[in-house]
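Welcome! Take a look at the structure first.

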Amino acid sequence: MYYIDTHTHLDGTEFDADRDEVVARAREAGVGRMLVPAIDLPSSRAALALAARYPGCVYAMAGLHPEEVRGDYAARLADIRSLLPAGYIAVGEVGLDYYWSREYEKEQLAAFEEQVKWSIELRLPLMIHCRKAQNEMVAMLRRYERELPGGVFHCFTGNGHEAAELLRFDRFALGIGGVLTFKKSNLPGVLPGVPLDRVVLETDSPYMAPVPMRGKRNESAYTQYVLSKMAECYGVSEEHVAEVTTANAERIFFSYV
């Protein structure tokens, strides 16, 4: 059984001591591809280096995460843009995050819009992070709806209405990770209302480890627990979930490669 972890921060220092073993365990668990988003210029470069280190297994993205946006965002974006598109499969992790503060609200909106334009110009899909900003994000994307090549709404944890609103964007999927397995998660009730061909698997490792690994460092091998719970939610086999979600991820991220 083969499947894809569409979101792992494999470049994180949490993996410095055993990164080769982490990749090996993922492969043994059935994870054929690991997609690595970036949050800034150094991580964009680090993701590309990992793609070179693990060819055919690890794939890199480049982008400026909304929590990294400050007053100097334009210069930082220019540095990241100079890297694209060589070797990268997507623009990400980008988006809006007003969870902690709206101090840089206007800068976040401008940075997100600029990176949406990169996606359209370069025909690279988007890996979108959104927290406490869905209305603003949707309004932004609607301005470019017909031109967008596609992407993933990362770490979806919303309700059925929010899912339906996001799925209005053709060629996009919802990224489903460890939250699906949490005891108080609403996702097991929401997911059956979402077509299976509109979701992809992710871990967001080293964060958000799924049950039964909750509280530990997350890693791509644990995608199997998300897959298992997803199969339970949809009432289908794990093999079917692996097949469909892999096809979804390949359609989004590799049809342009």
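**Exercise 1.** Which residues of the largest nonpolar core touch the most other members?

*Solution.* Start with the term: a nonpolar core is a set of buried Ala, Val, Leu, Ile, Met, Phe, Trp, Tyr and Cys residues joined through side-chain atoms within 4.5 Å, and buried means under 20% relative accessible area, exposed over 50%, partly exposed in between (1.4 Å probe, protein chains only). The largest core has 72 residues, and Leu174 and Met230 touch the most other members. Apart from this core lies another, of 14 residues, including Leu35 and Ile252.

A note before going on: this is a predicted model, where local features need pLDDT of at least 70, side-chain atom pairs count only at pLDDT 80 or more, and totals for chains, interfaces and linings use all residues. Residues are numbered from 1 along each chain as its sequence is written, and side-chain values use heavy atoms, leaving out hydrogens and water.

**Exercise 2.** Find how many disulfides the whole structure has.

*Solution.* A disulfide is a pair of cysteine sulfur atoms within 2.5 Å. The search finds zero. Take cysteine 155: the nearest cysteine sulfur, that of cysteine 130, is 11 Å away.

**Exercise 3.** Is cysteine 57 buried or exposed?

*Solution.* Cysteine 57 has a relative accessible area of 1%, so it is buried. Cysteine 155, by contrast, counts as partly exposed at 28%.
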